[in-house]
Amino acid sequence: MATQENIDRGVFQSSSRGFLRGLFKAKSTDDGMAGQKSGLMWAVHISVVALVLLWIFPTVGLLVSSFRTADQISNSGWWASLTATEQTIQLRTAGAEAAELVDGVYVIEGNLLTDDRGPGAGLELRSFGTSARNPSAYAIGETGEDNGETITVNPDGSYVYTSVEEPSSSGSRVFVNAVIPPEFTTQNYDTILFSGRGQDNMSRAFFNTLTVTIPATIIPIVVAAFAAYALAWMEFPGRALLVALVVAMLVVPLQLALIPLLRLHLGIGIGKGYLGVWLAHTAFGMPLAIYLLRNYMVGLPRDIIENAKVDGATDFQIFTRIILPLSFPALASFAIFQFLWTWNDLLVASVFLIDASGQTTVMTRQIVELLGTRGGNWEILATAAFVSIAVPLAVFFAMQRYLVRGILAGSVK
Amino acid sequence: MNPALQGLMTIAVGVGGCLAYFYFSNLVLDRFIFPARGAQAGRNINRANMVRPWLFVFPAFFFLLLYLGYPVFETLRLSLTDRALGGAFVGFANYEQMMNEPKFWEAMRNNMLWLIVVPAASTAFGLLAAQLTDRIGWGNIAKSLIFMPMAISFVGASVIFKLIYEARPVDAAQIGVMNAVWLNFEGGIWSFIFLRVFPAILCGAFAVIAAYVGYLAARPLWEDRPGPREGVMMKGARAFLGLFGLWLAWVSVRGVWGVLTASLPYGEPINWLTLPFYNNFLLMVILIWIQTGFAMVILSAALRGIPEETIEAAIIDGAKPLQLFFQIKVPQIMGTIVVVWTTITLVVLKIFDIVFAMTNGQWETQVLANYMYDKLFRANDWGVGSASAIVIMALVTPILVWNVHNARKEMR
């Protein structure tokens with residue numbers, strides 16, 4: 001275990017290693033090599049920065065997009081969200097009731113920006129047009145003409161519209177290219193978590209996911225811990241065979257279990273539902289749980305256990321009083337694994353939990369459905385996805401140490 | 001009942017039930033079945049100690065055998081029956097039907113592509129990241145950020161990358177990074193460098209590596225070297241690896257030619273996910289992005305475990321940094337690299353969520369696990385679905401045997 005600890009500490013603690021110092025010393029004795037050394041270090045720093053940026057770039061894109069409005073998302077890439085962008089917005093002049101008849105021509109005056117339907121004052125206008133096909137036909141201050149209608153738009157948004165025929169009651173469309181300053185909103189989160197309707201609201205799926213995850217994380221720990229103790233510290237014929245069986249089961253693909261188990265669940269009356277998915281997750285997590293915990297428990301000092309036995313402790317007491325508290329790091333490692341796995345799972349929930357009513361859907365499933373139905377509505381998709389990955393990310397950053405320990409114990413053997 | 005309440009009750013019942021089971025079964029064993037008193041006290045204690053381990057392992061192995069052991073055989077049985085005929089035995093008819101479906105062979109081809117590319121790329125990037133971050137002060141933070149995608153679900157990652165691959169009509173603003181970058185290329189000198197020369201170099205480098213690895217694997221077949229003679233199995237494996245490396249190299253060389261001569265539609269946004277064949281690689285990028293952190297963590301620990309004497313000796317002998325890395329460090333962590341490779345291979349064999357969420361197997365991106373899901377739950381064909389599950393199991397079996405073999409060696 002001592003080596004395990006060292007590896008652990010090593011992984012996320014960077015230190016200048018002895019050999020590295022040695023490397024530099026050896027190099028600096030050579031003439032002219034000192035410059036190359038710092039050059040190499042610079043190259044390393046720059047490569048790592050590039051690698052890290054490449055790796056977080058996708059996630060940052062999702063996070064930024066989830067704070068933008070639908071218009072902004074469809075008008076510019078998220079990387080442009082911090083700079084003002086030129087966008088075409090569709091506005092309307094006032095309707096016929098505001099028109100005055102002057103010399104046989106209907107005239108409407110007003111302000112596109114500060115009218116009731118306008119976006120508000122203060123936007124910098126670049127150009128405007130009267131048809132969607134050519135929204136930047138005229139410069140600001142110019143007069144556009146079209147079929148007996150003319151319109152002049154000024155820099156402050158005020159306009160003069162004339163028409164020989166009576167204007168329509170809803171006003172006519174004007175396309176304005178304006179410089180829109182960056183803007184962020186939490187409206188998307190409000191929609192996804194609280195006010196959204198139907199599929200847009202993830203609150204039910206969120207709680208369903210939580211309901212699946214917590215029992216499916218805790219129960220296998222208890223069941224597996226006893227078995228791991230027996231496999232680590234009790235002598236009995238067939239023990240080696242059982243360990244080999246666990247190692248074999250680690251690898252068996254989940255896909256094989258779907259149909260037989262679904263038939264079993266339907267046959268014995270569990271059906272599709274929470275009980276079924278809890279049982280399935282418990283069982284599917286079992287090989288890794290037993291494997292991790294056994295490997296950890298084998299490394300606990302023999303003296304403690306033998307002393308306790310000499311003092312008359314039963315196996316049950318040794319397990320609950322000594323082994324379980326000492327195994328906390330391994331328990332935590334497995335708990336994180338199982339939590340991430342059950343929270344992020346799509347397949348098991350789809351098969352064992354979600355029925356035709358759709359009341360028991362989980363977040364991953366709902367996001368897949370959103371991808372189908374709201375494929376272009378990135379403000380909804382990005383926010384839904386970010387809500388679902390926020391919890392595992394928080395767990396990840398809070399308990400990274402145990403996750404790393406678990407990965408190392410589970411693989412390097 | 002409210003599901004949340006049901007969940008809390010399940011935790012209480014599950015945990016409490018487990019503890020109660022262990023406590024009372026031990027109690028019953030010691031007090032009533034084999035009580036440690038009377039004339040046979042000593043014998044009883046021994047007997048109780050023989051039974052006790054089985055009490056401890058029973059619940060866990062009950063779950064294991066019922067939920068993972070039994071399905072293997074049940075799926076095998078189901079794959080030989082037909083649901084429409086009331087579960088009648090039909091021999092290999094399901095397998096035959098599956099073999100005649102082009103979609104199955106597409107899934108097989110794609111799975112093989114995934115198997116070659118994803119473990120190789122993840123391990124390579126992981127090794128690179130481990131080696132680079134090892135040497136710098138803020139390495140922890142860098143590692144932590146590269147490791148982060150491990151916590152993100154395949155579905156979440158699919159949404160993230162779908163935004164990257166998003167295509168909008170030509171006159172609208174491109175909001176996907178890929179297309180925004182792509183539209184900057186207009187066929188000039190930079191397009192030539194980045195879209196032809198650079199990929200051609202990558203492809204060519206891969207061809208050289210594949211050929212070299214194949215050569216290394218096959219070399220002992222014709223070279224006489226001291227040491228124990230190898231069995232027929234080992235020779236067969238070497239010959240296979242050699243030919244496979246050669247084939248990969250040939251495919252890559254053809255790829256170089258393809259990259260250099262392809263006509264590229266400059267100026268049009270591209271629907272990346274509908275590009276046959278290449279879209280597979282875009283889906284693989286997602287898994288590589290997730291698995292690199294995993295590879296990095298393990299390989300970083302392994303790199304730190306290398307004895308310093310070997311490295312110092314190499315430096316004294318005048319090894320250059322690259323030589324140091326490839327000839328001193330990599331050989332010493334070869335065992336760990338194999339472990340990482342096989343672990344990622346297992347993930348790849350079962351890959352489902354990414355394809356399901358991104359393309360659902362359309363545009364020639366089908367993989368085995370999604371093919372199986374399709375058969376089971378959309379076509380409702382349990383026979384063919386089970387047959388394809390058995391194919392996945394067959395692909396996993398060599399790794400299973402290897403792992404059990406290693407575990408048994410360690411136990412001794």
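Where in chain B does Asn360(B) lie? Asn360(B) is in the loop between helix 14 (353-358) and helix 15 (368-378) of chain B, with helices (H or I, at least four residues) and strands (E, at least two) taken as DSSP runs numbered from the N terminus.

## Ground rules

This is a predicted model, so local features need pLDDT of at least 70 and side-chain atom pairs count only at pLDDT 80 or more, while totals for chains, interfaces and linings use all residues. Residues are numbered from 1 along each chain as its sequence is written, chains are lettered from A and ligands numbered from 1 in the order in which they are written, and side-chain values use heavy atoms, with hydrogens and water left out.

Asn360(B) isn't a glycine, yet its phi is positive, at about 50°. With 28% relative accessibility, Asn360(B) counts as partly exposed; here buried means under 20% relative accessible area, exposed over 50%, and partly exposed in between (1.4 Å probe, protein chains only).

Phe277(B) is another non-glycine with a positive phi, about 70°. Phe277(B) sits in the loop between helix 9 and helix 10 (278-304) of chain B, and its 33% relative accessibility makes it partly exposed.

## Helix 8 of chain B

Helix 8 of chain B covers residues 189-218, and its 30 residues should span 44 Å at 1.5 Å a residue. That expected span is 1.5 Å times one less than the number of residues. The end C-alpha atoms are 42 Å apart, which agrees. There's a kink of about 25° at Val197(B), shortly before the proline Pro199(B); the bend is the angle between axes fitted to the seven residues ending at a residue and the seven starting there.

Buried residues of this helix include Arg196(B), Ala207(B), Ala210(B) and Gly214(B). The buried residues pack against helix 9 (232-261) of chain B, where contact means heavy atoms within 4.5 Å. As for cysteines, Cys203(B) is partly exposed at 23% relative accessibility, whereas Cys18(B) is buried at 11%. Over all chains there are zero disulfides (pairs of cysteine sulfur atoms within 2.5 Å).

## Cores

The largest nonpolar core has 221 residues. Such a core is a set of buried Ala, Val, Leu, Ile, Met, Phe, Trp, Tyr and Cys residues joined through side-chain atoms within 4.5 Å. Touching the most other members are Ile290(A), Met297(A), Phe352(A), Phe61(B) and Trp114(B). Helix 6 (residues 203-233) of chain A supplies the largest share of this core, 18 residues. A second, separate core of 19 residues includes Leu113(A), Leu125(A), Tyr138(A) and Val153(A).

Trp114(B) touches, among others, Pro119(B), Asn280(B), Met284(B), Ile351(B) and Val367(B), with residues up to four places away in sequence not counted.

## Chain A and the domains of chain B

Chain A holds 16 helices and nine strands, and 54% of its 413 residues are buried. Leu261(A) is in helix 8 (residues 258-267) of chain A and counts as buried at 0% relative accessibility. Setting aside neighbours within four places in sequence, Leu261(A) is in contact with Phe284(A), Phe352(A), Leu66(B), Tyr67(B) and Pro71(B).

Chain B divides into domain 1 (3-63), domain 2 (95-176 + 271-412) and domain 3 (184-266), with bounds from an automatic or database domain assignment. The centres of domain 1 and domain 3 of chain B, taken over C-alpha atoms, are 58 Å apart.
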